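Let's walk through this protein from its overall build down to its charged pairs. Have the model open as you read.

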Amino acid sequence: MRILFVTDIHGSSYFAKKALEAFEKEEANFIALLGDELYHGPRNPLPREYNPAEVAELLNKYADRIIAVKGNCDSEVDQMMFNFPIMSSHSTILYNERRLFLTHGHIYNENKMPVLNPGDVLIYGHTHINKTEKKEGIFIINLASIALPKNDNPNCYAVLDNDVFRIKDVNGGIIKEIHF
């Protein structure tokens, strides 16, 4: 099973299209959205081609293949735009005998860890800054943001396939590879 991970689209139809192009190109089975799909938030600039309604329309075409969690900028009004649930603070995927804990990062993160076992993976966004580390046997991965990365991080997404987690720029170039 191949999973594409995207976080912090923030209403950018340009980067939502890039994410869906990557989904098709990577031949992924599912898309994991790690929050902040529609709204850019008061601290962020407007992202490129800001159009939350179009983002919802684009993502709804893939509703049967999306696993999503709530970001700090997501609200119940946003949920009304989607044909898939986005209001959970976290989700879990069992993948090759390990647990993938998906969250946005404003509740659970490397400083406030959920209960996980060695070999499990915490995957989140929120800070818009890419970070990977292994702490007490747990893999911790922050994807930055596809639309509004900070600190010179590239616009990126990630793909998990056969226990290899690849963080890629929006053109598909590999930024980092983590082997589980």
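This is a predicted model: local features need pLDDT of at least 70, side-chain atom pairs count only at pLDDT 80 or more; totals for chains, interfaces and linings use all residues.

## Ground rules

Buried here means under 20% relative accessible area, exposed means over 50%, and partly exposed is in between, with a 1.4 Å probe and protein chains only.

Residues are numbered from 1 along each chain as its sequence is written, and side-chain values use heavy atoms, with hydrogens and water left out.

## Overall build

The protein has 3 helices and 11 strands; these are DSSP runs numbered from the N terminus, helices being H or I of at least four residues and strands E of at least two. Read from the N terminus, the order is β-α-β-α-β-α-β-β-β-β-β-β-β-β. The radius of gyration is 15 Å, close to the 16 Å from the globule rule for 180 residues, so the protein is as compact as a globular protein of that length. That radius is taken over C-alpha atoms, and the rule is 2.2 Å times the number of residues to the power 0.38.

Buried residues account for 56% of the 180. Of the contacts (heavy atoms within 4.5 Å) between residues at least 6 apart in sequence, 53% join residues at least 24 apart.

## Salt bridges

Searching the whole structure turns up 9 salt bridges, each a side-chain nitrogen of Lys or Arg within 4 Å of a carboxyl oxygen of Asp or Glu. One of them pairs D161 with R2, with the closest N and O atoms 2.9 Å apart. This pair links distant parts of the chain: D161 sits in strand β9 (residues 156-161) and R2 in the segment before β1 (3-6), 159 residues apart. D161 is buried at 16% relative accessibility, while R2 is partly exposed at 23%.

K17 and E54 also meet in a salt bridge, at 3.2 Å from N to O. K17 belongs to helix α1 (residues 13-25) and E54 to helix α2 (residues 52-60), so the bridge ties together parts 37 residues apart in sequence. K17 is partly exposed, with a relative accessible area of 34%.

## A buried pair and a network

What about E26 and K168: buried or exposed? Both are buried, and their side chains form a salt bridge at 2.9 Å, N to O. E26 is in the loop between α1 and β2 (30-33) and K168 in strand β10 (residues 164-169), so this pair joins parts 142 residues apart in sequence. Finally, E110, K131 and E133 are linked in a network of salt bridges.
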